[in-house]
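Reader: Please take me through this entry, setting each value against its definition before you conclude anything from it.

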Amino acid sequence: MAARKRKRAAREAGESLPSPPGYSAIPIKFSEKQQASHYLYVREHRVREGTKSAWPQQRTLFVLNVPPYCTEECLSRLLSPCGSIQSVELQEKPDLAESPKEPTSKFFHPKPVPGFQVAHVVFRKPGAVSAALALRGPLLVSTESHPVKTGVQKWISEYADSVLDPEALRVEVDTFMEAYDKKIAEEEAKAKEEEGVPDEEGWVKVTRRGRRSVLPRTEAASLRVLEREKRKRARKELLNFYAWQHRESKMEHLAQLRRKFEEDKQRIELMRAQRKFRPY
Amino acid sequence: SRRAGAGPGVMGPAPPGAAGDPEVMEPTLEGTGEEGKKVSSKKRTLAGSPVEGLLQPVKLSRAELYKEPTNEELNRLRETESLFHSSLLRLQLEELLKEVRLSEKKKKRIDAFLREINQRILKVPSIPEIEVNKQTWLKLGSSPLQQCFTVKGRFRFLPPVQVMVVGSYLLGTCIRPDINVDVALTMPREILQDKDGLNQRYFRKRALYLAHLAHHLAQDPLFGSVRFSYSGGCHLKPSLLLRPQGKDEHLVTVRLHPCPPPDFFRPCRLLPTKNNVRSAWYRGQSPPGSSEPPTPHYNTWVLQDTALESHVQLLSAVLGLSPGLKDGVALLKVWLRQRELDKGLGGFSGFLISMLVTFLVSTRKIHTTMSGYQVLRSVLQFLATTDLTVNGISLCLSSDPSLPALADFHQAFPVVFLDSSGYLNLCADVTASTYHQVQHEARLSMALLDSKADDGFQLLLMTPKPMIRAFDHILHLRPLSRLQAACHRLKLWPELQDHGGDYVTAALGPLTTLLEQGLGSRLHLLAHSRPPVPEWDISQDPPKHRDTGALTLGLLLRPEGLTSVLEMGPEADQPEAADFRQFWGSRSELRRFQDGTIREAVVWEAASMAQKRLIPQQVVTHLLALHADIPDTCVHYVGGFLDALIQGLKETSSTGEEALAAAVRCYDDLSRLLWGLEGLPLTVSAVQGIHPVLRYTEVFPPTPVWPAYSFYQRLRERASLVPRPDKPCPAYVEPMTVVCHLEGSGQWPQDAEAVRRVRAAFQLRLAEILMQQHGLQCRTTATHTDVLKDGFVFRVRVAYQREPQILREMRSPEGMISLRDTPASLRLERDTKQLPLLTSALHGLQQQHPAFSGVARLAKRWVRAQLLGEGFSNESLDLVAAALFLQPEPFFPPSSPQVGFLRFLYLVSTFDWKNSPLIVNLNSELTVEEQVEIHSSFLAARAQLPVMVIITPQDRKSSLWTQDGPSAQILQQLMVLAAEALPILEKQLMDPWGPGDIRTVFRPPLDIYDVLIHLSPRHIPRHRQAVDSPAASFCRGLFSEPRPSLLMPVLGYDPPQFYLAQLREAFGDLALFFYDQHGGQVIGVLWKPTSFQPQPFKASSTKGRMVVSQGGELVMVPNVEAILEDFAILGEGLVQNVEARSERWAV
């Protein structure tokens, strides 16, 4: 413990912080009051030749280990001294693929509880990235001018936010359903148009809208058919007809008993090992 | 290794099962725990058996399965089929018998010891004749008799004429542990005089004989201890206990019983109608009316000594016929011992059971070719169907008219079973209650054997049934000296004379009869503890009757009788009315009933379920004070001590059943409203509750809320209240979830996202209509509508039946639609299908067994108090509690929360979760065959199943309610804690002088945690639910009186839960967090040892870690100091302080 404290003191004295190859470490604290700090591990966002990436190369800073109380706004405020920022995006895991950018509804996709996250910070100019890499910190998440709510304060404000406006919800549902109905209507119209029309190779698609109902194309339906076939076959079979069948069924019975006996022996063995036969 | 400084906590040192301390951890299941895989080699060698104590499916090759059977094999198979229930049972019984039988090696050592004793006894010097008086003892050492009446006579010591081993050792039916060898010493005729049978003179001489023997044998270095005891518990008949010296001390106890020479006593003088203790001698006065009262028990004790030899001859002749009989007797002895029936004066001893087997052989109910199992079964069958208190039996075949009639014996004794002489009642000391208890146990066991349950063996012979766990309520009568006064009040002088002054035994019968009559329809069975047989050093005085502690009675209650507060008597003008008044004393009063009759009646004060359960206490204390002069300070009634833990804040008279019922009634009203709603596009087809309140298992039932607006911030336009930062946290209101099914329709969209939107539209519409038509305050989100009704808040969720189906649909590239379970579909199916079924099944169970609610809530309370609540789903604990009612074997379904909770602890600590599923047969839907099938498919699929598997008729494969936990470590921790709590609690409850602090076992051990986060009570809304409830807490913004409420109260606002969610999300892979949701003030944190191993850098696992250089290498370790500060930051306002307790994380 004491050794750790000394080490930390040495680090704070301005020695270069240990960081993994390719990354540089920036200490980050919640506020002035805290003694110890977490470390952001940052590097320039790079991908291998030919891989597609959602974030522009050279202008993007990749940040690891963002503490849970640090929001996107926070991060953008902390890094803005390095250069003006275009966007900040927090993710749960490092993921090269583009995150789902669809507009998420606050009614249907509530925000998850944040943990430690990773961030992609896109600057407007490439030079800002190297400036960020050289940051010495420690960065302060919550300052007097920009306090960050945690604990009871945060929960109360979250509770207030969770009391929703039903009217807004109604409007959102209505717009969605309108679009959905339109999409379905279009699809139906298209399907109707194609009904009975052979494609270029001459095949006609059979759909459930036809005059004669056909078997639905589901797994359950095909399993049902197979089952019916099997039963039909079993009905035709003769059992206990030939002498060898008798013999075999007797042998089968014996084998069953033997299997059971082996199982029981194993159980007894186990119980003996657990001293289960000591009655008291 | 164990950490230093982990001293015993409240419950002793409990191992940190959660974080994987390998030394104390049981081997975990493969693929179920993250950390459990490291099993220390020490443990492995200890277990030593099949892979980690886990059953594997048997694999036999084809050749082995189908080879030609040998004759021997066929014989064994046939024998198993005809003589035993199953091959498993046969193997189990064989193993058990091996375990309890005496080994040949030990037998040899015992035989040698017996030979030595024989020689020593014959060498004890004689003494010349002396007068029997008080001074005699001084010459012989100390007296093994309690009371010394003046007895005139002459005594001398001569070595016995015969030393003979009698009893089970000779017959080969004695069982381990406590091997006793009974040795009969025939006293020479010269010692005895005429009329020795009169006025205890024979017993006096017998005691003197032993005292002299003891005095001499005690000086012999052969014996490790020489002590006195009573033969068969009878205080007039001491016996001498001899144990070998050295390491064999616990091997064997030899009991010496002096007995008279054969034919010394004439049996006709010892008939049950004869008197052999004269009143003039015993009481110093002649009885009024000159007829001496008979002394049947005294006579029997004399007769017992004369018959020792003939009994052993009879037994060895019969039991020697076949090994099956001996096996049967040994099994029956184990059976009796597990039920604590064989010990003490008047116990149903092994000797009695051997005699009973002999009787059944003589009547051809048992055949000599029978196996031990069949003997066991036949005897149980006989006991279950034969009431020896009414129809006595006799081994005597002679039809000599001079023999006494059975009716004479019935007059004198409650239970009658005569030996082959026809003079001696073997069951003389057995009370009617004891015999009824034996019968009750036999009936339960027969039912179990007939049900063909797979684990019958375990339940029948291996499960102990101590009184506290077998009976619903227990009561202790103490001090015992009070019974002396009771005897006088009950006018039991003849009985005292008969029993030689043993007032405990004399009072036992009349007291149990009195209570049985008084408890009437509330009682199923009344049992009493038998006074234990004391043992004392030969230099000490014998213990007195009052020194045996307390007399304990056990009540098995009848739930249907408990609901009534009225004891209806006869009509006032009937002659029986006087008896009724006499019986109930001042409690009896005249009442006019609705049908116009005027009757005598007794009314008990009890408003709530909890108080009604304790009416037996009122009955018992009233009757004992009235008829037996035992004041209520001498009656320690143990029935409701645990109720305090499930009582609400201001409730002291109820354990919450009424509050739950009120909530359920409100829910019924709401569902009626929902059914009748007009204006919804689809009508409501069903309303089903899924919240624990609606199955009576919520630990603290909800109370109606009437918020004080000034305490809150108001959101007027949303008609809601919001907590204020400057006030303490408001009261916790948990909405009760209700699923609302709509009638079927083809209009629903077939796309998951669209279904969610339509459902949201329904929720909005529902709120609108409820508000318009019924004026109920509502609040809507996309998934539910909260409805405020009469102070209760319900969370109504609209469900669409086909939605799980839609979530499951997957389209393959060929366009084939297949159904695959997804987490979302499973969750939805669970909440809208299985949970309503479970809730209604448990609701039904509560109607059948009114104690279910109390048991389930106590159990849940305890698990949560141990900070393990979050590891177990609500439903899984409810189901374990339900199992206690649905498969109570070998017990009777509990009728009080206390006994149910004890059995919960027993079940949890002893159930073999690894190798068997807990089958909870709700509504008895599963047949025996189906259960067997479930067992075998369980074994095949063990690796894929959760650690704890609970099967219900609705959920036969997957164990739905334990899918998300507990982990192997948490379950192990629970088992350890339960195993520690059970004996502590049982000891407290069995202590006749009060339970002490009943909350002891509810306090969790805190010394196992690495970090403790102390929370501020100001922001714990359920602060007052804590186990040690604080005397005062903060104002929570509620009125106690009903007020019209237009604004929705704050719902589900529980800061500790929000805090825990954040902690788990941020640090879940570094640590485990433990908390008691019912007012816990501390969060226990355990670091996960595996995450504290330095790891190479990986971009995906940097969470909360930092890079340090270690030996020139860059590795990642958790940034503990920063994390400890994070604990405080994330819980700003809630956290009081963070206490780091161990240095384990210092890498």
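Author: Accessible areas come from the Shrake-Rupley method with a 1.4 Å probe, and for residues only the protein chains shown count as cover. On that basis chain A exposes about 18,900 Å², with carbon and sulfur atoms supplying 53% of it, while chain B comes to about 45,900 Å², of which 52% belongs to carbon and sulfur atoms. This is a predicted model, in which local features need pLDDT of at least 70 and side-chain atom pairs count only at pLDDT 80 or more, whereas totals for chains, interfaces and linings use all residues. Residues are numbered from 1 along each chain as its sequence is written, chains are lettered from A and ligands numbered from 1 in the order in which they are written, and side-chain values use heavy atoms, with hydrogens and water left out.

Reader: What makes a residue count as buried, and what share of chain A does?

Author: Buried means under 20% relative accessible area, exposed over 50% and partly exposed in between, with a 1.4 Å probe and protein chains only. By that cut-off, 33% of the 280 residues of chain A count as buried, and for chain B the share is 57% of 1147 residues.

Reader: How do you know whether the radius of gyration of chain B agrees with that of a compact globule?

Author: The radius is taken over C-alpha atoms, and the globule rule is 2.2 Å times the number of residues to the power 0.38. For 1147 residues the rule gives a value near 32 Å, and chain B has 35 Å, which therefore agrees. Its C-alpha atoms fill a box of roughly 105 × 85 × 60 Å along the principal axes.
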